[in-house]
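Here is a friendly walk through this protein, meant to be read with the structure open beside you. Let us go from the overall layout down to single side chains.

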Amino acid sequence: MKTITALIVAAGRGTRAASDIPKQYHKIAGKPILYLTIKACLEHNDISQIVCIIHKDDVDLYKETVSEIKDTRLSPPAFGGDTRSQSVLNGLNEISSKFVLIHDGARPFLPKDALSRIIEGVQKHDACFLGLPIVDAIWKMSDNRTLEPVEREKLWRAQTPQAFVTKTIRNAHLKNNNSAIDDVEIARNAGITVTPILGAEENIKITWPTDLSFARRLIGKNMDIRVGNGYDVHALGKGDFVVLNGIKIIHSQALIGHSDADVAMHAITDAIFGALCEGDIGQWFPPTDVKWKGVSSDIFLRKAVSRCRERGLKINHLDCTIICESPKIAPYTKSMQENLSQITGIKINSISIKATTSEQLGFTGRNEGIAAQATATLISL
Ligand code: CTP
Ligand code: MG
(Lines give C-alpha, C1' and ligand atoms only; values in the text may rest on other atoms or scores of the structure.)
(Ligands and ions follow the chains in the order given, each with its own letter.)
Protein backbone atom coordinates (compact mmCIF):
# COMPACT_ATOMS: atom_id res chain seq x y z
CA MET A 1 0.00 0.00 0.00
CA LYS A 2 1.25 3.47 -0.89
CA THR A 3 1.55 5.39 2.36
CA ILE A 4 3.17 8.78 2.57
CA THR A 5 3.95 10.68 5.77
CA ALA A 6 4.73 14.38 5.75
CA LEU A 7 7.25 14.93 8.53
CA ILE A 8 7.20 18.61 9.41
CA VAL A 9 10.26 19.74 11.38
CA ALA A 10 9.36 22.60 13.68
CA ALA A 11 11.58 22.24 16.72
CA GLY A 12 14.02 25.07 15.88
CA ARG A 13 14.36 28.23 17.93
CA GLY A 14 14.28 30.67 15.02
CA THR A 15 17.18 32.73 16.34
CA ARG A 16 17.76 34.55 13.05
CA ALA A 17 14.10 35.61 12.78
CA ALA A 18 14.49 37.19 16.24
CA SER A 19 10.79 37.24 17.06
CA ASP A 20 9.36 36.97 20.57
CA ILE A 21 8.21 33.39 19.95
CA PRO A 22 9.78 30.74 17.65
CA LYS A 23 9.12 31.86 14.06
CA GLN A 24 6.94 28.85 13.16
CA TYR A 25 4.33 30.07 15.69
CA HIS A 26 4.43 33.66 14.46
CA LYS A 27 1.14 34.65 12.82
CA ILE A 28 0.73 35.68 9.20
CA ALA A 29 -2.77 36.81 8.15
CA GLY A 30 -3.96 35.72 11.58
CA LYS A 31 -2.68 32.15 11.34
CA PRO A 32 0.53 30.67 12.77
CA ILE A 33 3.12 29.81 10.11
CA LEU A 34 3.11 26.16 11.21
CA TYR A 35 -0.69 26.02 10.83
CA LEU A 36 -0.33 27.21 7.21
CA THR A 37 2.41 24.63 6.59
CA ILE A 38 0.25 21.78 7.94
CA LYS A 39 -2.75 22.99 5.93
CA ALA A 40 -0.68 23.07 2.73
CA CYS A 41 0.31 19.41 3.27
CA LEU A 42 -3.28 18.40 4.06
CA GLU A 43 -4.28 19.79 0.64
CA HIS A 44 -3.00 16.61 -1.04
CA ASN A 45 -5.06 13.45 -0.61
CA ASP A 46 -2.05 11.16 -1.18
CA ILE A 47 -0.57 12.33 2.12
CA SER A 48 -1.82 9.73 4.56
CA GLN A 49 -0.25 11.12 7.73
CA ILE A 50 1.31 14.30 9.06
CA VAL A 51 3.67 14.30 12.05
CA CYS A 52 5.11 17.54 13.39
CA ILE A 53 8.39 17.55 15.29
CA ILE A 54 8.21 20.20 17.97
CA HIS A 55 10.34 21.55 20.80
CA LYS A 56 9.48 20.44 24.36
CA ASP A 57 9.00 24.09 25.37
CA ASP A 58 6.41 24.67 22.64
CA VAL A 59 3.72 22.17 23.68
CA ASP A 60 1.16 24.89 24.49
CA LEU A 61 1.96 26.93 21.37
CA TYR A 62 1.57 23.78 19.26
CA LYS A 63 -1.75 22.83 20.90
CA GLU A 64 -3.15 26.26 20.14
CA THR A 65 -1.79 26.13 16.58
CA VAL A 66 -3.57 22.89 15.68
CA SER A 67 -6.69 23.38 17.80
CA GLU A 68 -8.82 24.10 14.72
CA ILE A 69 -7.48 21.21 12.63
CA LYS A 70 -9.88 18.28 12.78
CA ASP A 71 -8.29 16.17 10.01
CA THR A 72 -7.44 12.75 11.49
CA ARG A 73 -4.34 12.50 9.28
CA LEU A 74 -2.60 14.85 11.73
CA SER A 75 -0.94 12.51 14.27
CA PRO A 76 0.34 13.57 17.69
CA PRO A 77 3.66 15.44 17.54
CA ALA A 78 7.10 14.05 18.38
CA PHE A 79 9.86 15.98 20.13
CA GLY A 80 12.89 17.35 18.28
CA GLY A 81 16.58 17.48 19.12
CA ASP A 82 19.33 20.07 19.23
CA THR A 83 19.97 19.99 15.48
CA ARG A 84 17.64 19.78 12.52
CA SER A 85 19.04 16.32 11.61
CA GLN A 86 18.38 15.08 15.13
CA SER A 87 14.82 16.39 14.91
CA VAL A 88 14.33 14.61 11.58
CA LEU A 89 15.68 11.34 12.98
CA ASN A 90 13.40 11.57 16.02
CA GLY A 91 10.49 11.93 13.61
CA LEU A 92 11.64 9.09 11.36
CA ASN A 93 11.69 6.83 14.42
CA GLU A 94 7.97 7.51 14.96
CA ILE A 95 6.63 6.57 11.54
CA SER A 96 6.09 3.40 9.53
CA SER A 97 4.86 4.68 6.15
CA LYS A 98 6.61 3.55 2.98
CA PHE A 99 7.56 7.08 1.88
CA VAL A 100 8.37 10.23 3.83
CA LEU A 101 8.30 13.87 2.79
CA ILE A 102 10.58 15.85 5.11
CA HIS A 103 9.41 19.46 5.17
CA ASP A 104 10.40 22.62 7.08
CA GLY A 105 7.69 23.94 9.38
CA ALA A 106 8.90 27.40 8.39
CA ARG A 107 7.80 27.00 4.73
CA PRO A 108 4.11 27.90 4.84
CA PHE A 109 3.52 28.54 1.13
CA LEU A 110 4.16 25.12 -0.48
CA PRO A 111 1.91 25.16 -3.56
CA LYS A 112 -0.20 22.10 -4.32
CA ASP A 113 1.33 21.57 -7.77
CA ALA A 114 4.87 21.45 -6.31
CA LEU A 115 3.61 19.04 -3.64
CA SER A 116 2.13 16.84 -6.39
CA ARG A 117 5.44 16.88 -8.25
CA ILE A 118 7.43 15.69 -5.22
CA ILE A 119 4.84 12.99 -4.42
CA GLU A 120 5.05 11.67 -7.99
CA GLY A 121 8.82 12.05 -7.89
CA VAL A 122 9.41 9.95 -4.79
CA GLN A 123 7.34 7.10 -6.17
CA LYS A 124 9.44 7.15 -9.32
CA HIS A 125 12.94 7.95 -8.02
CA ASP A 126 12.86 6.85 -4.33
CA ALA A 127 14.83 10.01 -3.33
CA CYS A 128 14.19 13.52 -4.58
CA PHE A 129 13.88 17.12 -3.42
CA LEU A 130 12.26 20.33 -4.52
CA GLY A 131 14.68 22.96 -5.72
CA LEU A 132 15.08 25.77 -8.20
CA PRO A 133 17.76 26.42 -10.78
CA ILE A 134 19.73 29.58 -9.95
CA VAL A 135 18.81 32.47 -12.23
CA ASP A 136 20.92 35.25 -10.71
CA ALA A 137 24.55 35.79 -11.63
CA ILE A 138 26.75 34.10 -9.01
CA TRP A 139 30.09 35.47 -7.85
CA LYS A 140 32.51 33.80 -5.51
CA MET A 141 34.14 36.22 -3.12
CA SER A 142 37.74 35.23 -2.37
CA ASP A 143 38.35 38.21 -0.15
CA ASN A 144 36.47 41.49 0.16
CA ARG A 145 37.64 42.74 -3.24
CA THR A 146 38.28 39.77 -5.52
CA LEU A 147 35.31 38.21 -7.23
CA GLU A 148 35.43 35.09 -9.35
CA PRO A 149 32.64 34.09 -11.70
CA VAL A 150 30.81 30.84 -10.99
CA GLU A 151 29.19 28.79 -13.70
CA ARG A 152 25.58 28.83 -12.61
CA GLU A 153 24.05 26.56 -15.24
CA LYS A 154 24.37 23.50 -13.04
CA LEU A 155 23.51 25.17 -9.74
CA TRP A 156 20.27 24.56 -7.89
CA ARG A 157 19.08 25.84 -4.55
CA ALA A 158 17.33 23.28 -2.40
CA GLN A 159 13.90 23.66 -0.84
CA THR A 160 11.76 21.17 1.03
CA PRO A 161 9.94 18.75 0.96
CA GLN A 162 12.80 16.35 0.44
CA ALA A 163 11.32 12.91 -0.12
CA PHE A 164 12.64 9.42 0.46
CA VAL A 165 11.82 5.78 1.14
CA THR A 166 11.41 5.98 4.93
CA LYS A 167 13.55 2.97 5.80
CA THR A 168 16.39 4.09 3.53
CA ILE A 169 16.63 7.65 4.87
CA ARG A 170 16.32 6.41 8.47
CA ASN A 171 19.32 4.10 7.89
CA ALA A 172 21.21 6.97 6.24
CA HIS A 173 20.55 9.16 9.30
CA LEU A 174 21.69 6.42 11.67
CA LYS A 175 24.98 6.12 9.74
CA ASN A 176 25.52 9.88 9.52
CA ASN A 177 27.87 11.39 12.08
CA ASN A 178 28.58 14.80 10.53
CA SER A 179 26.39 17.85 10.87
CA ALA A 180 24.53 17.90 7.55
CA ILE A 181 22.91 20.91 5.94
CA ASP A 182 19.82 18.94 4.89
CA ASP A 183 18.52 15.44 4.18
CA VAL A 184 19.84 15.48 0.61
CA GLU A 185 23.35 15.66 2.07
CA ILE A 186 22.62 12.83 4.50
CA ALA A 187 21.22 10.67 1.70
CA ARG A 188 24.19 11.41 -0.57
CA ASN A 189 26.65 10.62 2.23
CA ALA A 190 24.99 7.19 2.36
CA GLY A 191 25.44 6.71 -1.39
CA ILE A 192 21.81 7.40 -2.36
CA THR A 193 21.14 9.19 -5.66
CA VAL A 194 18.84 12.15 -5.12
CA THR A 195 16.89 13.72 -8.01
CA PRO A 196 16.02 17.43 -8.10
CA ILE A 197 12.39 18.26 -8.89
CA LEU A 198 11.17 21.74 -9.82
CA GLY A 199 10.02 23.60 -6.69
CA ALA A 200 8.32 26.99 -6.52
CA GLU A 201 9.47 30.57 -5.89
CA GLU A 202 6.77 31.14 -3.26
CA ASN A 203 7.94 28.11 -1.26
CA ILE A 204 10.17 30.38 0.83
CA LYS A 205 11.65 29.49 4.19
CA ILE A 206 11.00 32.15 6.81
CA THR A 207 14.50 32.82 8.15
CA TRP A 208 15.06 36.56 8.78
CA PRO A 209 12.72 39.24 10.19
CA THR A 210 12.35 40.66 6.65
CA ASP A 211 10.96 37.29 5.52
CA LEU A 212 8.04 37.80 7.88
CA SER A 213 7.04 41.06 6.19
CA PHE A 214 7.62 39.52 2.75
CA ALA A 215 5.39 36.58 3.75
CA ARG A 216 2.67 39.00 4.82
CA ARG A 217 2.83 40.67 1.42
CA LEU A 218 2.62 37.26 -0.28
CA ILE A 219 -0.48 36.33 1.65
CA GLY A 220 -1.90 39.86 1.49
CA LYS A 221 -4.61 38.80 -0.90
CA ASN A 222 -6.08 36.61 1.84
CA MET A 223 -5.81 39.26 4.52
CA ASP A 224 -8.60 39.54 7.08
CA ILE A 225 -9.78 43.18 7.17
CA ARG A 226 -12.55 44.14 9.60
CA VAL A 227 -14.37 47.36 10.41
CA GLY A 228 -16.37 47.78 13.61
CA ASN A 229 -18.42 50.67 14.89
CA GLY A 230 -19.27 51.75 18.41
CA TYR A 231 -21.71 54.24 19.92
CA ASP A 232 -22.22 55.41 23.48
CA VAL A 233 -24.05 58.08 25.47
CA HIS A 234 -23.63 59.25 29.05
CA ALA A 235 -25.78 61.79 30.87
CA LEU A 236 -24.30 65.01 32.22
CA GLY A 237 -24.97 65.80 35.88
CA LYS A 238 -23.45 67.52 38.85
CA GLY A 239 -19.68 67.82 38.91
CA ASP A 240 -16.73 69.85 37.69
CA PHE A 241 -14.89 67.70 35.14
CA VAL A 242 -15.40 65.09 32.43
CA VAL A 243 -13.02 62.37 31.23
CA LEU A 244 -12.90 61.87 27.47
CA ASN A 245 -10.49 59.39 25.88
CA GLY A 246 -8.69 59.26 29.20
CA ILE A 247 -8.12 63.05 29.36
CA LYS A 248 -9.55 65.01 32.30
CA ILE A 249 -11.26 68.21 31.12
CA ILE A 250 -12.45 70.82 33.63
CA HIS A 251 -16.14 71.48 32.97
CA SER A 252 -19.26 72.84 34.61
CA GLN A 253 -20.81 69.36 34.69
CA ALA A 254 -19.67 65.74 34.98
CA LEU A 255 -20.55 62.61 33.03
CA ILE A 256 -22.62 60.15 35.05
CA GLY A 257 -21.94 56.42 34.78
CA HIS A 258 -20.93 53.25 36.56
CA SER A 259 -17.26 53.55 35.58
CA ASP A 260 -15.56 56.90 34.88
CA ALA A 261 -18.21 57.40 32.14
CA ASP A 262 -15.59 58.02 29.44
CA VAL A 263 -18.12 57.92 26.65
CA ALA A 264 -15.51 58.35 23.88
CA MET A 265 -13.29 55.50 25.06
CA HIS A 266 -16.37 53.30 25.46
CA ALA A 267 -17.34 53.96 21.83
CA ILE A 268 -13.82 53.06 20.68
CA THR A 269 -13.79 49.90 22.81
CA ASP A 270 -17.14 48.84 21.39
CA ALA A 271 -15.93 49.51 17.84
CA ILE A 272 -13.04 47.09 18.46
CA PHE A 273 -15.31 44.45 20.02
CA GLY A 274 -17.61 44.95 17.01
CA ALA A 275 -14.80 44.29 14.54
CA LEU A 276 -13.88 41.18 16.54
CA CYS A 277 -17.55 40.08 16.62
CA GLU A 278 -17.13 39.59 20.35
CA GLY A 279 -20.17 41.29 21.81
CA ASP A 280 -19.97 44.67 23.50
CA ILE A 281 -18.42 46.40 26.46
CA GLY A 282 -21.49 45.71 28.64
CA GLN A 283 -21.10 41.96 28.12
CA TRP A 284 -17.41 42.02 28.99
CA PHE A 285 -17.78 44.42 31.93
CA PRO A 286 -21.40 44.29 33.24
CA PRO A 287 -22.49 47.59 34.87
CA THR A 288 -24.13 45.44 37.56
CA ASP A 289 -20.70 44.26 38.73
CA VAL A 290 -19.42 46.45 41.57
CA LYS A 291 -15.87 45.60 40.48
CA TRP A 292 -16.15 48.15 37.66
CA LYS A 293 -17.58 50.97 39.77
CA GLY A 294 -15.61 54.17 39.19
CA VAL A 295 -12.80 52.40 37.31
CA SER A 296 -10.78 54.08 34.62
CA SER A 297 -12.09 53.02 31.21
CA ASP A 298 -8.64 52.23 29.86
CA ILE A 299 -9.10 48.80 31.55
CA PHE A 300 -11.89 48.09 29.05
CA LEU A 301 -9.89 49.34 26.08
CA ARG A 302 -6.82 47.36 27.10
CA LYS A 303 -8.95 44.19 27.20
CA ALA A 304 -10.23 44.81 23.66
CA VAL A 305 -6.65 45.43 22.46
CA SER A 306 -5.40 42.19 24.04
CA ARG A 307 -8.28 40.25 22.44
CA CYS A 308 -7.11 41.58 19.04
CA ARG A 309 -3.64 40.21 19.67
CA GLU A 310 -5.02 36.86 20.82
CA ARG A 311 -7.12 36.65 17.65
CA GLY A 312 -4.14 37.41 15.40
CA LEU A 313 -5.43 40.86 14.47
CA LYS A 314 -4.04 44.32 14.89
CA ILE A 315 -5.77 47.69 15.07
CA ASN A 316 -4.83 49.62 11.97
CA HIS A 317 -6.93 52.76 12.43
CA LEU A 318 -9.32 54.42 14.88
CA ASP A 319 -11.75 57.25 14.19
CA CYS A 320 -13.81 58.77 16.99
CA THR A 321 -16.39 61.57 16.92
CA ILE A 322 -17.49 63.23 20.15
CA ILE A 323 -20.90 64.93 19.98
CA CYS A 324 -21.48 67.73 22.50
CA GLU A 325 -22.12 71.49 22.75
CA SER A 326 -19.40 71.84 25.39
CA PRO A 327 -16.68 71.44 26.53
CA LYS A 328 -14.62 72.36 23.47
CA ILE A 329 -12.76 69.25 22.37
CA ALA A 330 -10.20 70.68 19.90
CA PRO A 331 -7.63 71.78 22.55
CA TYR A 332 -7.49 68.18 23.85
CA THR A 333 -7.41 66.07 20.68
CA LYS A 334 -3.61 65.76 20.65
CA SER A 335 -3.49 64.55 24.28
CA MET A 336 -6.31 62.11 23.47
CA GLN A 337 -4.39 60.75 20.45
CA GLU A 338 -1.26 60.35 22.58
CA ASN A 339 -3.15 58.56 25.33
CA LEU A 340 -4.94 56.22 22.91
CA SER A 341 -1.67 55.54 21.12
CA GLN A 342 -0.04 54.58 24.40
CA ILE A 343 -2.89 52.20 25.30
CA THR A 344 -3.40 50.60 21.89
CA GLY A 345 0.17 50.65 20.57
CA ILE A 346 -0.92 52.22 17.27
CA LYS A 347 0.64 55.32 15.75
CA ILE A 348 -0.78 58.76 16.52
CA ASN A 349 -1.33 59.45 12.82
CA SER A 350 -3.64 56.41 12.69
CA ILE A 351 -5.90 57.80 15.41
CA SER A 352 -8.46 60.41 14.47
CA ILE A 353 -10.42 62.43 17.05
CA LYS A 354 -13.18 64.73 15.85
CA ALA A 355 -15.93 66.66 17.56
CA THR A 356 -19.20 68.19 16.51
CA THR A 357 -22.11 69.96 18.13
CA SER A 358 -25.67 68.96 17.27
CA GLU A 359 -26.72 72.55 16.63
CA GLN A 360 -28.44 72.75 20.03
CA LEU A 361 -30.84 70.04 18.94
CA GLY A 362 -31.72 66.94 20.92
CA PHE A 363 -30.26 65.78 24.24
CA THR A 364 -26.68 66.70 23.28
CA GLY A 365 -27.91 70.10 22.09
CA ARG A 366 -29.57 70.71 25.45
CA ASN A 367 -26.35 69.72 27.30
CA GLU A 368 -28.13 66.76 28.90
CA GLY A 369 -25.45 64.32 27.81
CA ILE A 370 -22.48 63.59 25.58
CA ALA A 371 -22.53 61.02 22.76
CA ALA A 372 -19.61 59.45 20.94
CA GLN A 373 -19.24 57.20 17.98
CA ALA A 374 -16.17 55.37 16.71
CA THR A 375 -14.89 53.17 13.93
CA ALA A 376 -12.06 50.68 14.32
CA THR A 377 -10.29 48.97 11.43
CA LEU A 378 -8.55 45.71 12.22
CA ILE A 379 -6.20 43.78 9.93
CA SER A 380 -4.57 40.40 10.33
CA LEU A 381 -1.15 40.37 11.97
N1 CTP B 1 14.47 22.62 13.09
C2 CTP B 1 14.14 21.57 13.95
N3 CTP B 1 15.01 21.26 14.95
C4 CTP B 1 16.15 21.93 15.13
C5 CTP B 1 16.51 22.98 14.26
C6 CTP B 1 15.63 23.31 13.23
O7 CTP B 1 13.10 20.97 13.82
N8 CTP B 1 16.94 21.59 16.14
C9 CTP B 1 13.51 23.00 12.03
C10 CTP B 1 13.04 24.45 12.17
O11 CTP B 1 11.96 24.56 13.11
C12 CTP B 1 12.65 24.84 10.76
C13 CTP B 1 13.53 23.95 9.89
O14 CTP B 1 14.11 22.97 10.76
O15 CTP B 1 11.29 24.59 10.47
C16 CTP B 1 14.60 24.73 9.16
O17 CTP B 1 15.54 25.25 10.09
P18 CTP B 1 15.89 26.80 10.27
O19 CTP B 1 15.29 27.61 9.20
O20 CTP B 1 17.35 26.88 10.51
O21 CTP B 1 15.08 27.15 11.61
P22 CTP B 1 15.62 27.50 13.06
O23 CTP B 1 16.71 26.57 13.42
O24 CTP B 1 14.42 27.53 13.94
O25 CTP B 1 16.16 28.98 12.86
P26 CTP B 1 17.59 29.56 13.27
O27 CTP B 1 18.63 28.70 12.57
O28 CTP B 1 17.56 30.97 12.77
O29 CTP B 1 17.69 29.46 14.77
MG1 MG C 1 18.61 26.54 12.22
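## Two domains

In this predicted model, the C-alpha centres of domain 1 and domain 2 lie 47 Å apart. The domain assignment places domain 1 at residues 4-222 and domain 2 at residues 225-380.

## Nonpolar cores

Start with the largest nonpolar core, which has 43 residues. Ile-38, Ile-50, Cys-52 and Leu-101 have the most contacts inside this core. Helix 1, residues 33-42, gives the most to it, with 8 residues. Apart from this core lies another, of 39 residues, with Leu-244, Ala-264, Ile-268 and Leu-318 among them. As a general background, nonpolar side chains in soluble globular proteins tend to be buried together.

Leaving out residues up to four places away in sequence, Cys-52 touches Ile-8, Leu-34, Ile-38, Tyr-62, Leu-74, Pro-77 and Ala-78.

Is Thr-5 buried or exposed? Thr-5 has 0% relative accessibility, so this residue counts as buried. You will find Thr-5 in strand 1, residues 4-10. The side chains of Thr-5 and Gln-49 are joined by a polar contact of 2.7 Å. Beyond residues up to four places away in sequence, Thr-5 touches Gln-49, Val-51, Ile-95, Ser-97, Phe-99, Val-100 and Leu-101.

Now look at helix 3, residues 84-92, where Ser-85, Ser-87, Val-88, Leu-89, Gly-91 and Leu-92 are buried. The buried residues of helix 3 pack against strand 1, strand 4 (49-54), strand 6 (99-104), helix 5 (166-175) and helix 6.

## Glu-185 in helix 6

Helix 6 spans residues 183-189 and holds Glu-185. Glu-185 counts as partly exposed because its relative accessibility is 28%, and the cut-offs for that class are 20% and 50%. Which residues does Glu-185 contact, leaving aside neighbours within four places in sequence? They are Ser-179 and Ala-180. Between the C-alpha atoms of Glu-185 and Ala-172, which are 13 residues apart along the chain, the separation is 9.9 Å.

Next comes an open sheet of 5 strands, in the order 15-12-18-16-17 and with mixed pairing. Strand 15 (254-256) and strand 17 (351-356) stand at the edges with a single partner strand each, so one side of each has no neighbour in the sheet. From one strand to the next, the twist averages 30°.

Strand 12 (residues 225-237) and strand 18 (residues 369-380) run antiparallel and are joined by 11 bridges. Ile-225 has Ile-379 as its bridge partner in strand 18. Helix 11, residues 333-344, packs on the sheet and touches strand 16 (313-323) and strand 17. The direction of helix 11 makes about 140° with that of strand 17.

## Thr-344 in helix 11

Finish with Thr-344, which lies in helix 11. Why does Thr-344 count as buried? Its relative accessibility is 9%, and buried means under 20%.

The side chain of Thr-344 reaches the backbone oxygen of Leu-340 at 2.6 Å. A polar atom of the Thr-344 side chain also lies 3.3 Å from the backbone nitrogen of Ile-346. Not counting residues up to four places away in sequence, Thr-344 touches Leu-301, Val-305, Ile-315, Leu-318 and Ile-351. One of these, Leu-318, belongs to the core of 39 residues.

Notes: Residues are numbered from 1 along each chain as its sequence is written. Chains are lettered from A and ligands numbered from 1 in the order in which they are written. This is a predicted model: local features need pLDDT of at least 70, side-chain atom pairs count only at pLDDT 80 or more; totals for chains, interfaces and linings use all residues. Side-chain values use heavy atoms; hydrogens and water are left out. A nonpolar core is a set of buried Ala, Val, Leu, Ile, Met, Phe, Trp, Tyr and Cys residues joined through side-chain atoms within 4.5 Å. Buried means under 20% relative accessible area, exposed over 50%, partly exposed in between (1.4 Å probe, protein chains only). Helices (H or I, at least four residues) and strands (E, at least two) are DSSP runs, numbered from the N terminus. Contact means heavy atoms within 4.5 Å. Two strands pair if DSSP finds at least two bridges between them. Axes are lines fitted to C-alpha atoms, for helices over the stretch in contact, and angles run from 0 to 180 degrees between N-to-C directions. Domain bounds come from an automatic or database domain assignment. A polar contact is a pair of N or O atoms within 3.5 Å; within protein, one must be able to donate a hydrogen and the other to accept it, and residues adjacent in sequence count only if both atoms are side-chain atoms.
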